[in-house]
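Here's a quick report on the model shown below. Have a look at the chain first, then read on.

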Amino acid sequence: MDRPVINKRLIASYEIDFGKGKTVVNEYSPSLTKDEIELNRMTVKNILAKVLGRNEN
């Protein structure tokens, strides 16, 4: 499977801990406002918590 080509600049990269695991999130969205970026961060964290939280049991 080919990796996607990202044509935008990186604005944030951070690790999120979920119990025994970690994941890295990279954000490439220079056209978003600060409020939109924060909302997207919370959405990503919530989705990852739901998905990875089920796999820990």
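The model is predicted, so to speak of ground rules: local features need pLDDT of at least 70, side-chain atom pairs count only at pLDDT 80 or more, and totals for chains, interfaces and linings use all residues. Residues are numbered from 1 along each chain as its sequence is written, and side-chain values use heavy atoms, leaving out hydrogens and water.

## Layout and core

Reading from the N terminus, you get β-β-α: two strands and one helix (DSSP runs numbered from the N terminus; helices are H or I, at least four residues, strands E, at least two).

The largest nonpolar core has six residues: Ala12, Tyr14, Ile16, Phe18, Val25 and Leu48. Strand 1 (residues 12-18) supplies the largest share, four residues. Such a core joins buried Ala, Val, Leu, Ile, Met, Phe, Trp, Tyr and Cys residues through side-chain atoms within 4.5 Å.

## Salt bridges

There are two salt bridges in the whole structure (a side-chain nitrogen of Lys or Arg within 4 Å of a carboxyl oxygen of Asp or Glu). Lys22 pairs with Glu15 at 3.5 Å, N to O; Lys22 is exposed at 60% relative accessible area, and Glu15 is exposed at 51%.

Glu38 and Arg41 make a salt bridge at 3.7 Å between the closest N and O atoms. Both sit in helix 1 (residues 34-55), three residues apart, about one turn of the helix.

How values were computed
Buried means under 20% relative accessible area, exposed over 50%, partly exposed in between (1.4 Å probe, protein chains only).
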